[in-house]
Amino acid sequence: MRPTAKFSISFGLVTIPVAAYNATDTSASVSFVRIHTADGGRVRNQPVCSLEGVEITPDEIGRGYKPGDGDTVVPLTDEDLDALPLPTAKTLTILAFVAGGDIDPLQMGKGYYLGIDSPAAAKPYVLLREAMERHQRVGLGKIALHGRETLAMIRPMEDALVMQVLLWPHQIRPMDGVLPERQAEVARNEVSAAEALMDSFGELSEDDLHDHYREALEEIVAAKLAHREPEFPAGEEQPAGEVMDLMAALQDSVRAAKRSRGEDEEDGARSGRSAKKSAAKKTAAQKSTAKKSTAAKTAAAKKTTAKKPAAAKKTAGRGGRRAG
């Protein structure tokens, strides 16, 4: 990779020369070109001067700044921008170290890998990385990139340092008109059901992180070029429509998530085995109870039979005394 910028990280009195490399590649994403629908011709953006109405070559295009809401534009040259009294022009000055969770994700912009730009930078580079990693902090600072000063966050990532460009706080729009006028109330059991649904999702798989949209688009293009119908794998149809019963929808979602991972079959087999064990235990208990009942009746019958002769002898004895 070729570096997009070179500067130094100012860490107190320690200076670390680094080179910044693009960490992301947006060219791999799906992009379209504009065409004329009547004949398929490309529609291009041509730079045209608004005063003369003629097309302009790239070397004739410069920078201008619009100070207000009017039409006035002030031309600015590269020399004007180089003369700006910015200490961040070639140095990323770290201003503070904060917890990574304190950074609003809405502020995060483009990311850069930072590599050392001289052999002498190796030791302070590793020192800064390991200190932030052990302290569980990220560095916040300012840097001028591509003619503009911006906030930046430095953080450790594996064996390297990564810089994330941050938007200024005033660039984050307020949420006026976003929130509902009346806050909806949810019951505790609904929150518990939603948490159960969250737990049922499991971890991301490699297939989840795959760009299926790009593949499907390429299949459509290939089908058009071959004058055939596109072929797509059959997928599970997603339910549509307004949710009327929130609890039922949550419970159905949990069951669907388990079914997609094959857990329903395991639960069913487990339940079947448990039912069989319970039935076996119940049958054994019933047999045991029946045996005990039979044994008790037999013992009672023997006891009754044993008492009858004794009672007969006693009656005979009484009769003999009466006769005498």
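Me: Start with E6. Which residue there is the bridge partner of Ala 19?
Reply: The partner of Ala 19 in E6 is Gly 115. Keep in mind that this is a predicted model.

Me: How many bridges join E2 to E6, and do they run parallel or antiparallel?
Reply: There are 5 bridges between E2 and E6, and the two strands run antiparallel.

Me: And what about E1 with E2?
Reply: E1 and E2 are antiparallel too, joined by 7 bridges. Within that pairing, Ser 10 stands opposite Thr 15 in E2. The two strands form a hairpin with 2 residues between them, where Gly 12 has a positive phi near 65°.

Me: Switching to E7. Is it mostly enclosed or open?
Reply: Largely enclosed by the rest of the structure, because 6 of its 8 residues are buried.

Me: Which strands does E7 pair with?
Reply: E5 is one partner, antiparallel, with 5 bridges. Val 98 stands opposite Val 138 of E7 there. E8 is another, also antiparallel, with 7 bridges. In that pairing Ile 143 has Thr 150 of E8 as its bridge partner.

Me: What does His 146 do in the hairpin of E7 and E8?
Reply: His 146 takes a positive phi near 55°, in a hairpin with 2 residues between the strands.

Me: Now the core. Which residues touch the most other members?
Reply: In the largest nonpolar core, which has 21 residues, they are Phe 7, Ile 9, Leu 92, Leu 114, Leu 145, Leu 161 and Met 163.

Me: Which elements each supply at least two residues of it?
Reply: Helix H2 (122-135) does, along with strands E1, E2, E5, E6, E7, E8 and E9.

Me: Take Leu 161. What is it in contact with?
Reply: Leaving aside neighbours within four places in sequence, the contacts of Leu 161 include Ile 9, Leu 114, Leu 128, Met 132 and Ile 154. Tyr 112, Tyr 113, Tyr 125 and Arg 129 are also among them.

Me: One more: Gln 164. Where is it, and is it buried or exposed?
Reply: Gln 164 is in strand E9. It counts as buried because its relative accessibility is 14%, and the cut-off for buried is under 20%.

Me: What lies 3.0 Å from a polar atom of its side chain?
Reply: The backbone oxygen of Gly 109.

Me: Which other residues does Gln 164 touch?
Reply: Not counting residues up to four places away in sequence, Gln 164 touches Met 108, Lys 110, Gly 111, Leu 151, Ala 152, Met 153 and Arg 155, as well as Gly 109.

Conventions. Residues numbered from 1 in each chain as written. Predicted model: local features only at pLDDT ≥ 70, side-chain atom pairs only at ≥ 80, totals over all residues. Heavy atoms only, no water. Core = buried A, V, L, I, M, F, W, Y, C linked by side-chain atoms within 4.5 Å. Buried < 20%, exposed > 50% of the residue type's maximum accessible area, 1.4 Å probe, protein only. Helix = DSSP H or I, 4+ residues; strand = E, 2+ residues; numbered from the N terminus. Contact = heavy atoms within 4.5 Å. Pairing = 2+ DSSP bridges. Polar contact = N/O pair within 3.5 Å; in protein donor to acceptor, adjacent residues only side chain to side chain.
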